[in-house]
Amino acid sequence: MIETFSGWLFDIYPNDANLSIWLIGDDGKRYCFNQDFTATLYAAGPAAILRGLWRWLKEQPIPVRLARAERKDVFNGIITVLAVEVLQPIKLDELFRAMAAAYPDLTYYDADISIALRHAAKYDTFPLARCQLEVRGEKIISISALDTPWDLEPEAAPLRIMSIEPDCDPARNDPKAILVSFGRASYSLPFEKPVPFLIGLRADIRRYDPDVILTSWGDTWLLPFLMKLSQENGVSLPLNRAESQTVVEKKERTYFSYGQIMYRGQQVLLRGRWHLDKHNAMMWGDYGLIGVLEMARVTRQPAQEAARLSPGTGISSMQFVTAMQKEILIPWHKGQSERPKTTMDLIRSDMGGMVYQPTVGLHRDVGGIDFVSMYPGIMVRFNISPEVPRAGTDLEPGLGEPGIIPMTLAPILNKRLALKSALLTLNKYDCRRPVYQALASAEKWLLVTCFGYLGYKNARFGRIEAHEAVTAYGREALLRAKEAAEDMDYEILHMYVDGLWVHKEGCQTPKDFEALLAEVTNRTGLPISMDGVYRWVVFLPSRVDERVPVANRYFGVFQSGEIKVRGIEARRRDTAPFISETQMDIMEILAKAEDADGLKDVLPKAQAFVRKQMSALRMMKVPVEKLLVSQKLSRELGEYSTPSPAARAVRQLEACGKVVRPGQRVRFLFTLGKPGVSAWDVLEQPDTRCIDVARYRILLQRAVDTVLDPIEQSVNGGKDCECLYLFPIRKAETLAEGGSQNLGGHNVPSNHIHYNGMQGGER
DNA sequence: TACAGTCGGGG
DNA sequence: GTGTACGACTGTA
């Protein structure tokens with residue numbers, strides 16, 4: 001007998017025979033079905049070796065179906081491959097490892113793609129997709145998704161969330177109890193007596209049966225602790241909803257990404273439930289649970305993974321799904337190797353000549369305008385993808401069908417644009433506003449990463465020519481925007497990669513820049529938007545040599561009163577909160593001025609506030625946590641030639657048995673005497689008398705000066721800016737020769753919002 | 001003063 | 001998802 005179910009797809013993982021599929025039914029019940037599923041990988045190489053592999057596979061205990069097939073390789077076109085269909089998905093990794101070891105010279109494809117992504121590619125499913133299932137017994141006969149990741153307001157799944165956290169930070173203290181809350185219940189469970197504690201917790205998990213276990217430090221401390229306690233006392237805990245499955249523990253890792261060292265703590269993954277650790281989720285801080293769910297939907301990564309996605313994984317996952325659906329092979333090791341570069345490196349070096357030196361000082365009547373997702377927009381608009389042949393010049397679209405990259409990006413871009421325009425129509429207090437903002441931020445993050453991957457040697461779908469085509473058009477677009485602005489009598493104050501700051505006397509509302517935006521879009525074919533109109537903005541000079549402007553240190557206030565800050569102390573994560581908060585508060589006071597002329601009236605207030613903060617510091621009336629500095633450990637302790645303050649703090653931690661891995665942050669105070677720092681995570685009661693107040697005063701003064709010096713000079717000088725200098729600042733020449741083969745007459749059709757008519761979710 | 005270590009940026 | 005840019009700035013010797 002066949003039954004039909006509908007609901008939200010919750011979890012997919014391989015079991016011993018096939019796949020386990022969890023569904024949150026429309027009737028509120030949680031179902032676990034299974035589904036037959038096979039996973040195919042491909043091998044290419046000399047026919048003789050492939051025949052050897054064929055015979056070898058036939059002798060293996062893992063059942064496979066073998067076939068010859070024709071598939072498209074991104075770099076070599078259509079090739080003949082041996083398709084190896086593994087009938088038990090759980091055996092895929094084991095078989096592939098053995099195969100690659102026995103036949104190391106073959107080229108392998110689709111070998112290391114997770115089962116979840118394969119399922120997504122085959123059935124167009126994703127976490128929390130609305131699904132319809134036909135089921136016989138417990139076996140799924142058919143499954144189809146009823147919605148797509150691109151809907152702005154998906155029907156929310158009725159997730160049951162249980163929050164569990166220790167009563168203190170386990171890095172600093174020994175927790176004595178856990179705080180549990182779910183539904184309306186909220187209480188503390190001491191674990192002094194483990195057996196009653198475990199029995200109580202078990203009863204609650206069984207009773208409430210949460211879908212999501214939301215923890216603080218659950219990956220690094222709480223769940224490992226609970227599992228150990230459970231084992232030692234012989235009291236089982238149903239952390240997994242599928243109690244026969246084992247909890248998956250992933251080890252910590254330190255790795256490089258985007259030129260930075262990164263650390264990912266160990267992870268504890270559940271089956272049939274999700275474990276989400278607030279303190280170990282990369283996306284968590286910025287976007288919250290909504291962001292995690294959005295990441296899961298669009299990247300099609302299981303929610304527990306999506307919460308901890310590292311840069312590149314999300315966009316790579318999406319590319320893989322597109323490639324599988326288009327039957328394009330996914331290389332196991334990327335075929336080409338290029339000189340290593342990273343995203344911003346490429347933006348910087350390729351755009352090197354492009355960045356204007358800003359005109360230092362205070363400016364009024366300034367419009368800040370940005371291309372919207374410039375590089376992704378270019379990739380979609382000009383069909384730039386590793387497998388798509390380029391036309392004659394970089395400024396023409398690639399030839400033929402849309403490639404993997406544009407196909408992957410177009411729906412994200414369209415969704416982001418749709419969210420942005422929806423946001424414009426929502427009033428200030430609409431409850432959808434924060435949701436849409438979280439979604440737009442999540443999409444933005446994916447888009448930002450994608451461009452870097454095109455020029456990144458280890459990306460499977462990277463290709464340097466494609467990357468160069470993108471930057472070439474980026475330069476061209478910025479140049480055209482500059483020309484449009486100058487033709488319309490705006491003064492260019494600054495340009496940076498994909499944004500411009502333009503000034504014209506009396507231009508004080510977005511309307512005053514509308515014609516310019518339209519003209520730029522018209523000339524470039526790329527959507528451009530108003531970041532905002534500034535009441536005033538200050539571009540800062542270099543601290544080392546104040547005659548030199550720096551591209552990326554500025555602050556200002558929009559007409560709305562909103563403050564925009566880049567590059568200065570308040571933006572840095574190694575600035576003590578007391579310092580950044582004071583700097584921001586000063587700007588809040590300055591933002592009370594209606595316009596630049598009003599600054600002279602608020603300046604005394606700002607100065608009085610500074611005196612107040614200085615005296616608070618002198619008297620140590622500042623909460624000690626506000627003086628904490630947090631820095632990332634960049635290497636192993638032994639590798640420091642002159643140990644940084646952070647390294648010296650870590651030395652103290654190690655002395656009491658605590659380990660800090662490269663990529664992890666360490667918190668410390670500046671203290672008197674040697675070694676000048678005091679690690680926060682070893683302190684019981686910090687002694688405020690030891691704090692190096694003088695040092696904090698210097699830091700504070702510095703941050704104050706960054707903001708107030710230019711304002712004071714401008715107010716005292718009466719004029720706007722150039723008064724700082726004895727001679728005029730030379731604006732750097734834009735565009736090094738050769739950067740653009742100027743295709744003067746080349747006409748770009750205008751396309752404001754939609755990209756090549758490609759809509760998300762339509763196939 | 002020279003050199004070593006850390007950060008932002010993208011949005 | 002797995003390899004390290006660049007320039008600005010700060011801290012240390």
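Helix H1 (residues 47-59) lies across E4, E5 and strand E6 (77-86), running at about 145 degrees to E5. Helices (H or I, at least four residues) and strands (E, at least two) are DSSP runs numbered from the N terminus, and axes are lines fitted to C-alpha atoms, for helices over the stretch in contact, with angles from 0 to 180 degrees between N-to-C directions. This is a predicted model, in which local features need pLDDT of at least 70 and side-chain atom pairs count only at pLDDT 80 or more, while totals for chains, interfaces and linings use all residues. Residues are numbered from 1 along each chain as its sequence is written, chains are lettered from A and ligands numbered from 1 in the order in which they are written, and side-chain values use heavy atoms, leaving out hydrogens and water.

The open sheet has 4 strands in the order E5-E6-E4-E7, with antiparallel pairing (two strands pair if DSSP finds at least two bridges between them). Because strand E5 (64-73) and strand E7 (107-109) stand at the edges with a single partner strand each, one side of each is left without a neighbour in the sheet. From one strand to the next the twist averages 30 degrees. Strand E4 (residues 39-44) pairs with E7 in the antiparallel sense over 3 bridges, and Ala43 stands opposite Tyr108 in E7.

Further along, helix H11 (residues 404-425) packs against helix H12 (residues 432-454) at an angle of about 150 degrees, with their axes 9 Å apart. H11 is therefore roughly antiparallel to H12 (the term applies to angles over 145 degrees).

Definitions and conventions. Contact = heavy atoms within 4.5 Å. Parallel < 35°, antiparallel > 145°, perpendicular 65-115°, else oblique.
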